[in-house]
Amino acid sequence: MIRVQPPAPPKVLVWEKTMQFWNVAPLGASLLVSLGAPAPLHIPHDAANGVAVARLAGGGHEIVIVSGGLYRALRSVDDGLSWEVVVGAGLEIPGAADVVYHAGLNPQRFLIGSADGVFAYDPATRQVAAASAGLPAGDRDIVDMDAPAAGSDGPVLLVTSKGSVYAWDESAGGWGLSLATGLSTRSATVAVVPHYSAAAPPGPARSMAAAVNGALYMSQDGGGTWAVSSQFPTPATGLQDWIILAMAFSDDYDSSGAIVVGRTRQDPLYGGFFGEGELWRSGDFGATFQRMLAVDASIEAIAATPPDAAGTRYFLASGGYYGSRAIGYLRSGDGGVSWSDHGSAQDMSLEHGAGPYGTDVHGWLKHKQAFAVSPDFSSDGMLLSARLEGLWQSRDAGLHWLQKAVRSDRETRDAAAAFDLHGTLAGFGSGYGSAVVASSMDGSQDLVLGPGAPTAYLKELEISPAFAQDGMLVVSGEDGLRLWFDPRLPANNPYARTGWVIPPLAEIGTGEHFRGYARTLAISPHFDARNGAADQTFYWCAWERPPMRTEDGGLTYTALRRRTGGGNISFVDQMAIAPSYDAATAAGRTDVYASLELSGDLYRLDDAQWTFVARFGSIIMGIVPDPAFSRPGNPRLFVALRLAPYVVMVEDHPGGATVTPLRFNMPSTTLMQSLAAHVDAGPQRLLYAATWGAGVLRCDLSAGTPAWEPVGTGYPSWFVQKMTLSPDFANDRVLLLATQYGLLRGEDRPGGAWTPLTNESWRDNVAPDFTTFAPKDPANPQPDRPWHWDEVRAADYAGQLRFLSVDAGVALWDGSYLVGTGYARRLILHTASGPGMGSVRFAAFDYRTGALLDQADVNLATHSATLDEAEVQLRWPRLAPALLRIDTKLDPGETFLFDGVSFIR
């Protein structure tokens, strides 16, 4: 076992046909621009707005989370260590609002409410089916759901955006209208008594509640009749009026009569967020309510638990955006009379980016939260909380909470493939936490472009068409654009460097250097980074800026904000360049296509201004020009749409574009993510469509009757973000996908199998799964709870160290420690050794049993005059779920630097 492995002096990349270890050159000063030390522009958010948990027949639990953002619906059977997509029947198309589990149904199943109805997911068969029978076509936008406890024969309740309350009738297999308020709403919630009994007379055992726009309705006869509460009778009419977003009946409601209601008054200065909240309790079956607590946070979720091991039942309540609040998860052990967060706000203090901004969830779902109570709560005390900032878990009935990672550190958001100087086909992916991941396409070696990468959280990646000669990649992400040049090749580029380079990107005319979160990227099909090449053009766009173009490989750029006919263009989220592009003339600098963010508007660039091409009734998910694109003969491109017809062909003629749907036999349950096209010598015209969670489809457009058919076998249950084809696709038929768990290789040939490529990952210091503690920090009021470590940048160490991302964590106090989880057979701690560094114990335990897997005790202090990058490695015989822990031993003046951990699988 290697205990400490200080890095070797910088050397060139060694990458023969077997692909050996990468070692990138460090950053230098030549032609580089200092970007200062701002806070990161982006963090590894993984928002959720619904969670439910079931006990599996074979033992263990299945957790399902839903989100209005990227995930749609995910499932985990290993306590959140890994996740798979829940897909089918069209579930992945609408944003998911809520999920409940009802053990009293036959079969037992999860019900998922969405913007377009309800879906049933059976954990035993892993099948998804539509479950919207009884919901009118115009009233299927679900706001909230609730289900009774295990052992109950009660119904599932839901409330829609039209203020309608429906109850699930298992015998009829559909929903029945129970209450029609006629109120349009996004502020609504429902609750059903946990131990509902259909055979009971009207009273506590058949109680239900519904709140719509702040008005509270209650029923004691299973929803046959409803009465409005005399204390909460009036619907809200403005943001400063009180609304009810959460409520729950006590587990012992039949005897205690306790129900808790959470009210929120929103602040219009923040778009309806950052309000104040109240908790109201009734102890007489809803006849009267008393206000028990007022807090400086919205109340967005409430849950009631069965008895714990000591026989105590609890109410739990949560509010919004703990990152700016002094209130954590509230808990009551006396039926809702008294409340305390027991200091749990500190558990959320590490959350990066808490608040209504900076996540992929939009609109009202930003303030949608939910609790789930373990089916074995009496023995395991386990609670789950889904909220804007992620998924949280308590193992002690709500006293302490830790964040669970939902978004994989292996996730790749874009993919590219190229042959290198030796003729080896390699795939590259833009990692969401692991910087650039790379792999030989035969799977012989999986790699991460780790230390030295100036940013870890990337969005899109492009590879030079002349990669075998110039070795250049360009990536976009949280901290702008970055270039990488293969160190095995001569530094024959505008920077006279290899390895990572931060391009100056100085605007022509103003000299202003580009800064921003670059999210969209496209490279000229004739790009060549070598000095003297005629075309060194690529385009990009950032949230903060209009589309931009560089014609000298990133030294300078031009902003392209003007529309034809006047006005400016805003952020574009898709871009593609046709093969007809010619950088040499104004007339040739056209046929660059882009779509406005979250819209169906398609534009074409005419040198320096954008011309409208077509508008679709759906968000554009991808653009790919025909490989045989030409003017005037074949100005054809293909566009992927979020909604039907899903794929269209656009012929962009000067007199106006024509649009031809290419849906053919494509099912209505398809969510498009990316397109790719190929023309064989035949000519066979092939179009490929990558779906979110159901694999890749192929259509031969030259066939007499074109039809979509699945590609490959053994497709895993992972979501996809992008797709590309091998540059030698005519011969090797290789497809490359950027997925939830890294690069996925496939072949479009009979029996072609899908093969995962990138199994190594680097988890950055700010990954949600890492939790830091500093019990001896005098400023820490609760030593047993998480505590933020300081953060430093490479510039703070005068360039002696390279970090994976923009910063690294640093422990300043003896006894500080860190925990995290993940699957691995080897772990590599990335840190620093040298003067002023302390000692650490790096240990890994089996996540299920607690057995020690491996441990290393290392003194990182050396007699060297400078700091060096260092590694501490652990290993064990086979892949295992690991709980890692890093404990520090720091003498006065010593520190420990934490850059991240590599997980080798």
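This note covers strand pairing and cysteines in a predicted model.

1. Start with the open sheet. Four strands build it, in the order β28-β29-β30-β31, and the pairing is antiparallel. The edge strands are β28 (412–419) and β31 (446–449). Each has a single partner strand, so one side of each is left without a neighbour in the sheet. On average, neighbouring strands of this sheet are turned by 25° against each other, direction ignored.

2. Next, a pair inside that sheet. Strand β29 covers residues 425–431 and strand β30 covers residues 436–440. The two run antiparallel and are joined by five bridges.

3. Now strand β26, residues 390–394. Is this strand mostly covered or mostly open? Covered: five of its five residues are buried. Strand β25 (residues 383–387) pairs with β26 in the antiparallel sense, over five bridges. A hairpin of two residues links β25 to β26. Strand β27 (residues 402–404) also pairs with β26 in the antiparallel sense, here over three bridges.

4. Trp 392 is a handy landmark in β26. Ser 385 stands opposite Trp 392. In β27, the bridge partner of Trp 392 is Gln 403.

5. Last, the cysteines. How many disulfides does the model contain? The count is zero, taking a disulfide as a pair of cysteine sulfur atoms within 2.5 Å. Cys 541 is buried, at a relative accessible area of 0%. Cys 699 also counts as buried, at 0% relative accessibility.

Terms used:
Residues are numbered from 1 along each chain as its sequence is written. This is a predicted model: local features need pLDDT of at least 70, side-chain atom pairs count only at pLDDT 80 or more; totals for chains, interfaces and linings use all residues. Side-chain values use heavy atoms; hydrogens and water are left out. Buried means under 20% relative accessible area, exposed over 50%, partly exposed in between (1.4 Å probe, protein chains only). Two strands pair if DSSP finds at least two bridges between them. Axes are lines fitted to C-alpha atoms, for helices over the stretch in contact, and angles run from 0 to 180 degrees between N-to-C directions.
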